Amino acid sequence: MSKNWPLWEVFVRSKNGLEHRHFGSLHAADAEMALENARDVYTRRNEGVSIWVVESKYITASNPVDNGELFEPAQDKVYRHPTFYDIPDEIKHM
Amino acid sequence: MSENQIKNLETEFEARIARDEKIEPKDWMPEKYRQTHIRQISQHAHSEIVGMLPEGNWITRAPSLRRKVALLAKVQDEAGHGLYLYSACETLGISREELYEQLHTGKAKYSSIFNYPTITWADMGAIGWLVDGAAIINQVPLCNTSYGPYARAMIRVCKEESFHQRQGYEIMMTLANGTPEQKEMAQDALNRWWWPSLMMFGPTDAESVHTAQSMKWKLKRKTNDELRQQFVDQTVPQAELIGLTIPDPDLKWNEERQSYDFGPIDWDEFWQVVKGHGPMNKERMKARVSAWENGAWVRDAAVAYAEKKKEYKSKEAV
Ligand SMILES: [Fe+2]
Ligand SMILES: [Fe+2]
């Protein structure tokens, strides 16, 4: 029969106060095994205090081909940045 | 896409790499880039996995608990390295099953160094010191390579390697300071592992076909010969310090070059081993394939169990 184990993405919080970050992926039969394997593969040296795993097929990713449409419009919106606004020099911090 | 469009994409692609931008999995890439990376990353992953076998051979016979936990942790790291690299490789659109298939059928290569036998405990010292030492020199430049997932995997790998080399050197040092028999054992291991370690850097620059392309894609920063020289210069004083002799009558400090000159490498041996005629090629593949095949029922059982649990859960929800 031989069915292959699905692919999982692994996210690790390295310490409380920080966000989970993508660490890599691995294969496992189910979520529980994915967590156990993630612990052995990605946190052998205290790299984490919390692990998320999600089956890779559930991740929807943007396509770099659409990057222009998605991200370029932000480039000409300079008024979203503080430096766009003129204030008197006397005001040191604002 | 027209040929012209592809040309433009390729020019832009090379320019991005030249600007030190990283390439990520979903980015457009030339087919040759994809294939070259699949080949190199998988070869690298296979080497980590097969590399566990010669050392695994000594875990049960480590001379003390301290040595045993260290060796066990090192071998486990190598499994981890293999897994980081397989997962980086899969982002290029090849499946884990295909990668294993290529290894098991002999279609894919792995580092030839692992086709030598580990006949004494001192070989654990020599491997950590020399083989991991050479691997570090090969791998450090890859932390900066152009393909993002490979570079990130290599950063993790490099962080873990230095313990491997130190534990090996410590084993050699302890044996070299031990009884005459122990010292002889250390020297014998150095004699057997020295030349194969120098071969780990690959053919001489004159013979190496991939260098120019690999340099451009940052799969390489220095040539094989430059890296080999770096290894010799770094290792000779380490051997001297513990009273061991490098098995090379031509080895000599070159004042002008501020480097060691060393004797000729037996490239016939190198190619023999690459082609599958090394002392352990067959053993290694046999061990690897039988581990895979004998583990099949465990993998199948895990899938069946996962499905059963899912079914149970969905019934519970009703
Ligand atoms: Fe490794
Ligand atoms: Fe290592």
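1. Start with the iron ion (ligand 1): its protein donors are B:E48 (OE), B:E78 (OE), B:H81 (ND1) and B:E161 (OE), at 2.1 to 2.4 Å. Donors here are N, O and S atoms within 2.8 Å of the metal (3.2 Å for Na, K and Ca), and water is not among the atoms, so sites may look incomplete. Keep in mind that this is a predicted model, where local features need pLDDT of at least 70, side-chain atom pairs count only at pLDDT 80 or more, and totals for chains, interfaces and linings use all residues. Residues are numbered from 1 along each chain as its sequence is written, chains are lettered from A and ligands numbered from 1 in the order in which they are written, and side-chain values use heavy atoms, with hydrogens and water left out.

2. The other site, the iron ion (ligand 2), has B:E78 (OE), B:D132 (OD), B:E161 (OE) and B:H164 (ND1) as protein donors, 2.0 to 2.2 Å away. The two iron ions sit 3.4 Å apart, and B:E78 coordinates both.

3. What is the arrangement of the 4 donor atoms around the iron ion (ligand 1)? It is irregular, because the angles run from 82 to 157 degrees. The iron ion (ligand 2) is irregular too, with angles of 83 to 169 degrees. For reference, four donors count as tetrahedral if all angles lie between 85 and 135 degrees; four count as square planar and six as octahedral if opposite donors are over 155 degrees apart and all others between 65 and 115; anything else is irregular.

4. Now the helices (DSSP runs of H or I, at least four residues, numbered from the N terminus). B:E78 and B:H81 are 3 residues apart in α4(B), so about one helical turn separates them. B:E161 and B:H164 have that 3-residue spacing in α7(B), residues 148-176, again about one helical turn.

5. Buried or exposed? B:E161 is buried at 2% relative accessibility, and B:H164 is buried at 0%. Both B:E78 and B:H81 are buried as well. Buried means under 20% relative accessible area, exposed over 50%, partly exposed in between (1.4 Å probe, protein chains only).

Terms used: Helices (H or I, at least four residues) and strands (E, at least two) are DSSP runs, numbered from the N terminus.
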